[in-house]
Every structure is written in structure tokens, then in C-alpha cells.
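Reader: I would like to go through this model and ask what stands behind the words used for it. Please set each value against its cut-off.

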Amino acid sequence: MPDLLVRDSAPMPSLVDNAATLNQRLSSSRGVFERVRSISGASELSSGDLAIVEEVLLRSDVGVTTTNAVLEELKTNGAPDGVTGALREILLNSLGADRSLATTADVDRVPVWLFVGVNGVGKTTTIGKLAKRHLDAGRTVLLAAGDTFRAAAADQLELWATRTGADIVRANEGADPGSVVHDAIGRAFARHVDIVLADTAGRRANSTNLLDELSKVRRVADRSPGQVVETLLVLDATTGQNALSQAREFLAASGVTGIVLTKLDGTARGGIVIAIERDLGIPVKFVGIGEGVDDLIVFEPVDFVDSLLGA
Amino acid sequence: MFDALSDRLERLSSSLRSRGRLSDADLDEALGDVRSALLEADVELGVVNAFLAAVRERVSGDVLTQSLTPGQQVIKAVHEQLIEVLGATPLKVTYAAKPPTVVLLAGLQGAGKTTAAAKLAAWFKQQGRQPYLIAADLQRPAAVEQLRVLAQSIGVDVFSEPSSPIDVAKKGLKEATRLGRDVVIIDTAGRLAIDKALMDEVRAIAKATSPDYTFLVIDAVTGQDAVHTARSFHDALELSGLIVTKLDYDARGGAVLSARGVVGRPVVFASTGEKISDFDLFYPERMASRILGMGDVLSLIEQAERTMDADVVAESAGRMMSGTFTLDDFMAQLGQVRKMGSLGGIMKLMPGVTKEMRNAASNVNEDDLNRTEAIVRSMTPKERRDPSILDGSRRTRIAKGSATSVSAVNQLLKQFSEMRKMMRQMGSGANPAMPQGMGRMAQLAARGAQRGEQLPPGFEALGAGMASAVATPRTGGGKNKKKKGGRVTPPKQR
């Protein structure tokens, strides 16, 4: 048995240039990825055509079940205007959920955005970038350092606060995350802060205890004068099929209202969000495309699908 | 997933039983299911295809073994291949003749490098070494602070300064030498494989410190992208191996196979939790079962292979036919069945088990089995050989000894004698195709079990065991005559 299973695997069926960032991909006016485009426009799809589509979807982490469902739809609908167009339409239909963002709460309540997710997906960084975004939009922002578990997580958030000019409430490591969030909301209310962005510790989605703890943090944050208006699941674009179970568990534990898909500036395509939106109806709201403070953009289904297909 | 898969594999097995070798068609079907399983586990498509091609080459044309169905045999081969690939060229950590031994960690953002660095330091400390940590991640805010906090908890020193990652690494290494530390672990910033500037930087760190070991830290939940990451880091750094993190998540971890498959370097360490101690050497067997996601099937295959002692079964079967089947034989059979664990589970595995039989088996209650066993065990050897001597006082004694009632003893004996009668009829039925006769018996038994307490618990499962044992005489033991038409048992080729 050779050590190397694959010496030269086929290039990612996609882009003209693998090293293109999403920005570059999005600004690229080049046509759709060669192999999909080369499929003829006949409404009868050949098994070869379907195999190419399957490969594109699987390699984008869309997942076996969703890929098969999409292939079934393709077979049923046919592709009178070419496979790329038909596939694009199916994928866009899968991304039809409401993507609006709530930034205001009821009278006399402070709107809270709660950030949840597994370890290492970029929750703290995302909060830093969103703080900048809110500040740019003229809102005052207070950060709640609710990750009291990971070493130096609060320090990391504090650096973001300094960098963006947001206010921050933090406690010592090991403190109760609920009490940090509670204090933050109290302070925000007293100072008439426009929005609170609350960090939480990264946690795996298959631990009841950790999810219960998160439910509690959410309850605390939603108690008057606080009001959770968005619960954003931060998801790493390199994640594979486990993202679906992450979304399911965090939805159940904390009522996720949207997804922030991070690290999309690499070669990963994040296709699993299609499965998540199809199965659970959770829309992607933001996309992280770099480490800079401005590298967070609003999710646009058309751009995403085109980048998935290599346009 | 598991249910669907095992059902499909079973369908496969029933349609293929009569043939002696694994054909390409069998393989196509079985490997199609395995392909889905691997893709669901996040193994990269190209790696899946290459892996399955290797499996195909390995098993194509193999003779069928008697204890497994073709579907199971393919799964077993896939599993073995997985272990082989994951465990090939293991890396044993040795120490540089001229200390310190330098270990460099690299990887994407959020893979868990900083935590892994601390855990690795704790591991080296446990090995009796004096590790030293260098925090060269100056990119992520507070990364150095994070490493300091973690290191403090395990009593290891950290070197860092706000200069450049390369300077930090160089100075840290000098400092470690001055302090006489024998292992140095360098934590670097997370970087994307396509970020040329940062990849050049980590290459420069490697050049400046000439690490003895360079590990890529990779997240077990990674999807298809694992191959790009692994290959790019390998191209830049010549990896010695991989450290896989977040194995406490419920991901199947196919990324491990993808990364392993494209860089050809072993997975050395595995991180299984948030605590410092949740870190150990990597075990390919565990990972192989996990990726395949068929833990239950695999353990049953293993059990069936290990515990189905065909000699014992065949001998009893012979006696069964000649009508001299005793309660001792029954106990031996029962023991065989029990050794294999839950009846329902094992029935699923047995070649030739029909749905009716499986239903019957799943109706069997472990408590009933225990009671039956207790009653038989409360008999003397003589009584077991010849139940006809059991009079009222003996029955009372047995009932007491087994903590049951006389009526329970009576019921068992009545059922046993009916069963024996039935067997004798079948044995003398001059039926040339005994396996079918046995199958019928098993079906009768199954129906009996469904009707109520017609047969003692365990008998119906026994029928199934017999069916396979008689069909596949391994040694020709007992008075059992070899029959034509059963599955042959040619020697295993490999």
C-alpha cells in the first residue's frame, strides 16, 4: 500500500484561478467554470453531465443527500437553457429565505446580537468586524465578553474594542458568562447604547451540558431590558458535513436566526450552507473574507452561487 | 444512515449467496454504498475514488468466506484498508542527539494550534522531557496571551516578544538552548494556504529553526478543502505528520483520511477535548471505524468471525438430525448464541436468516433466555441427557434451584420434547437438501416463537445457527454428513 493515495488529484472543478479570493472571484467577469459550461443545452441530461454536476457539488461540501436531491430536481426539470443555468436556478431557489437584519428592539429594550458556534470558527473576530460595521452606520456599540472559558478570549475581544472604538464589558476567566452578558446589557441600557454584541465560548454541538449553558446565556440576554434580536451562528467555510449538525443543535439551543460564514477567502466553498438553508431554513447573513476589519460583507446568494459554480 | 446501509448490504448478500467469489458486480454495488458513507464522512472526492480503487484491486475475485455475506466481506476489506492507510508508516517521536528537539506547528486559523501546542508540551512533560514553548503567532490578537495562560497551567515557560515571528522563533530557540530545555514547540499564526506572504513567512521560520518535526494541525470537522490545505502546507514545509483536533465533535473525520491520502505522512497525535489532558497518540483503528461510520456492523462482523465455533454447532446439528439431541447440546448452542451478544444483532449477520426468523429473534427476551438457562443448569448431567427420568420431585428441585416454578420447568420440557420430535422427523425425512430442511425447521421455530411460548426461548435462534452450520461444515465433525449444494469453504487466499 503506497503512502500516497492521491498524487495529483483533479484540480478543484472550478475557477480559472484557484488562488482567487472571493472578492476576485466575484469581480471576475469570466464565464462559468469550463466543464459545466461545456455541457450542451439539451433538456435531456446525459449521465456524464450529471456526473460533472455531482462532482462540483460534492467538492463544494454540499453533501451527498442535498447533491442527490439537486440532481433529482435537475433530472425532473431538465435543462432547456443549459445545465449551468438550470443548476444555478435550483441553488438560488434553495437560498430563498429572508435575510433581513434586526437592529432595533422594542421600546425601552436594548437590542442584542448573540454570537454562537463551535471552537475556532472566528466568533470573536466576527464581532470585531461587525462592531466596526455598526459604528460606521452611526450606532453606538457595546461588546460583551461572554467567552469566559478560552484563555485570553476577553483580551482578544478587548483589542477589537480598542481597535474599533466600541465599549466593552468583561470579567475574569471562569466567570459566569450569563452574568457578564447581564452586566453588559445593564450598562448598555444605562448609557443608551444602540446595540450589544455578545460573544460566547466556542462549544461543540454534541454536548448537552454546553448547549444548556448556551440556552441559559440566551435567556439572560433576552430578559428585559435586553432583547435578543439576532442569534448568529458563526460557521467556518472549511467545515464539512458536521456543519449541518452544528446548525441543528445550535438552532435548538439558542434559536439561531442567521449564519455568518467565515474564512471564505480560502479555497473552501462553504457549500454546506445550501444544505443548511434547504433543511433548516437558516439563512446566511454575512460572509467573512479576510482578517482585516472590513473583510466582512453581506451575503448575496447570486454571488455565492456563482462563486460555487466557478463564475 | 446505518440502517439504510446495512439493509442495502443485506439485499446484496441475499442475491449473491450462491456464488463462490466476489464479482465486479458485487463490488460495484457494495462499494457504491461505501462511497456514499465516505463522502458523508467528508473524505475528499478524489481521495474516495483512489481509495475505493485500491480496495477493489485488493478484493476483486476473492473467494467468499463462509462466515460473512459478500456485503460484509467488502465492508471488512474496506475497514482493513482504512486501518492500513491511516496507520501506514507510523512516526515514533525520537529526540535529537543534540537538544533541543524542535517541533513546529502550522495550520489554518481556528484549527487549534495554540491549544495543541500547550497539550503537546504537557505530553512531552509527561514523557519526562523539559519542553519550552515559543509563541510566534503575533497575528491573532491575544494569541500569545492565550498560550501563556495555558502554559502556566501546566508549568511550562513561554517565550515571545513583539518583534517578528521569525525573530521570536530564532531568539526563543536560543533561549531554550541557554536554559537547557530539550524540546521546543513553536506555535505559529493561522494562515490560509493561498496566502503567499504568510506561507513564505512560515517557510522562513522553518528555515531559521530547522525543526525536527513539522506538524500540520488539522480540524476533524474540515470538509473537502482538507486536501488543498494539507498539500499546500506539505509543499511549503515538508510535513513530518499531522495532528488532528476536535475529535470530540460528532464529525466522522474523513478529513484525516483526505489529508493523510495526499501528503503520505502519518497522523501522530489526536486531540479529543478542551482539557489539556485530552490529547494522545493517534490510533488508526478507532479512526477507521469512525470514518466508515459502521461501528455496529463492524463489531458484529468481528464477533461473528471470532465466536461462531462451527465445530460445536455442527456436532450438535448432527445429533439433532439423528434424534439424540440433548439438553446439553441445547446449552452448548445457547452458549454459542450468547457469546455473540444480542440475538437480534447476530441474526442480522447470519447468512440465510430470513426476516421471519429475525423478527422471532428480536422477540426473544434476554430474561426468558436467562430463565431457560437457569432451569437447564439446575438439572444433573444425567437428567440433561435423558429428560424422561424427570419425575415430580426432581422437577420441584429444579424449580427451586432455578428460582422458577414447576410449571415453568414443565413448559420447557414439553417444548423441548416437541422440538426434538420435529427435528427427528426432519432428520429422517430423506431430504437430500438438508440446509433447506433446516431452514424450514428454523422457520417453524420462528413461527412458534411468534405464536407464543411454543418453543423454549433460544431455540429459534438455534435453528438459524444450525442452518448455517449445517450448510457450511468446516471439519465434517460429528456425524454430520457433508452435503452438496451448501456454500463451499475454500481456503482463504490472502
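Reader: What percentage of the 494 residues in chain B is made up of buried residues, and how do you know that a residue is buried?

Author: Buried residues make up 50% of the 494 residues in chain B. A residue is buried if 20 or more other C-beta atoms, placed from the backbone, lie within 10 Å of its own, exposed if 12 or fewer, and partly exposed in between. This is a predicted model, in which local features need pLDDT of at least 70, side-chain atom pairs count only at pLDDT 80 or more, and totals for chains, interfaces and linings use all residues. Residues are numbered from 1 along each chain as its sequence is written, and chains are lettered from A and ligands numbered from 1 in the order in which they are written.

Reader: Why is A:T262 called buried?

Author: A:T262 has 29 C-beta neighbours inside 10 Å, so A:T262 counts as buried. A:T262 is found in strand β6 (residues 258-262) of chain A. Helices (H or I, at least four residues) and strands (E, at least two) are DSSP runs, numbered from the N terminus.

Reader: What is A:T262 in contact with, leaving aside its neighbours within four places in sequence?

Author: The partners of A:T262 are A:V121, A:G122, A:T126, A:V234, A:L235, A:D236, A:A237 and A:G288. Two residues are in contact if their C-beta atoms, placed from the backbone, lie within 7 Å. A:G122 is 140 residues from A:T262 along the chain, and their C-alpha atoms are separated by 6.9 Å.

Reader: What makes β3 and β8 of chain A edge strands?

Author: In chain A, β3 (167-169) and β8 (296-298) each pair on one side only. Two strands pair if DSSP finds at least two bridges between them. The open sheet has 8 strands in the order β3-β2-β4-β1-β5-β6-β7-β8 (chain A), with mixed pairing. Its neighbouring strands are turned by 25° against each other on average, direction ignored.

Reader: How do you know that β2 and β4 of chain A pair?

Author: 4 bridges join β2 (residues 141-144) to β4 (residues 195-198) of chain A, whereas pairing asks for at least two. These two strands run parallel, and A:V141 has A:I195 as its bridge partner in β4(A). Helix α7 (residues 153-164) of chain A lies across β2 and β3 of chain A, at about 160° to β3(A). Axes are lines fitted to C-alpha atoms, for helices over the stretch in contact, and angles run from 0 to 180 degrees between N-to-C directions.

Reader: Which strand is joined to β1 of chain B, and by how many bridges?

Author: β1 (residues 101-106) is joined to β4 (residues 183-188) of chain B by 5 bridges, and the two run parallel. B:V103 stands opposite B:I185 in β4(B). The open sheet of chain B has 8 strands, mixed pairing and the order β3-β2-β4-β1-β5-β6-β7-β8. Its edge strands are β3 (158-159) and β8 (279-281) of chain B.

Reader: What makes a group of residues a nonpolar core, and how many residues has the largest?

Author: A nonpolar core is a set of buried Ala, Val, Leu, Ile, Met, Phe, Trp, Tyr and Cys residues joined through C-beta atoms within 7 Å. The largest has 191 residues, and those with the most contacts inside it include A:L197, B:V103 and B:I185. Helix α5 (residues 113-126) of chain B gives the largest share of this core, 8 residues. A second, separate core of 13 residues includes B:L327, B:I375, B:F416 and B:M423.

Reader: How do you know that α10 of chain B is mostly covered?

Author: In helix α10 (residues 254-263) of chain B, 10 of its 10 residues are buried. Among them are B:R260 and B:V263. α10(B) is followed by B:G264, with a positive phi near 65°.

Reader: What span is expected for helix α3 of chain A?

Author: The expected span is 1.5 Å times one less than the number of residues. Helix α3 (residues 47-59) of chain A has 13 residues and reaches 18 Å from its first C-alpha to its last, close to the 18 Å expected. Its buried residues include A:D49, A:V53 and A:R59.

Reader: How many residues does each chain give to the contact between them?

Author: The contact takes 44 residues from chain B and 39 residues from chain A. On the side of chain B that touches chain A, α3(B) gives the largest share, 5 residues.
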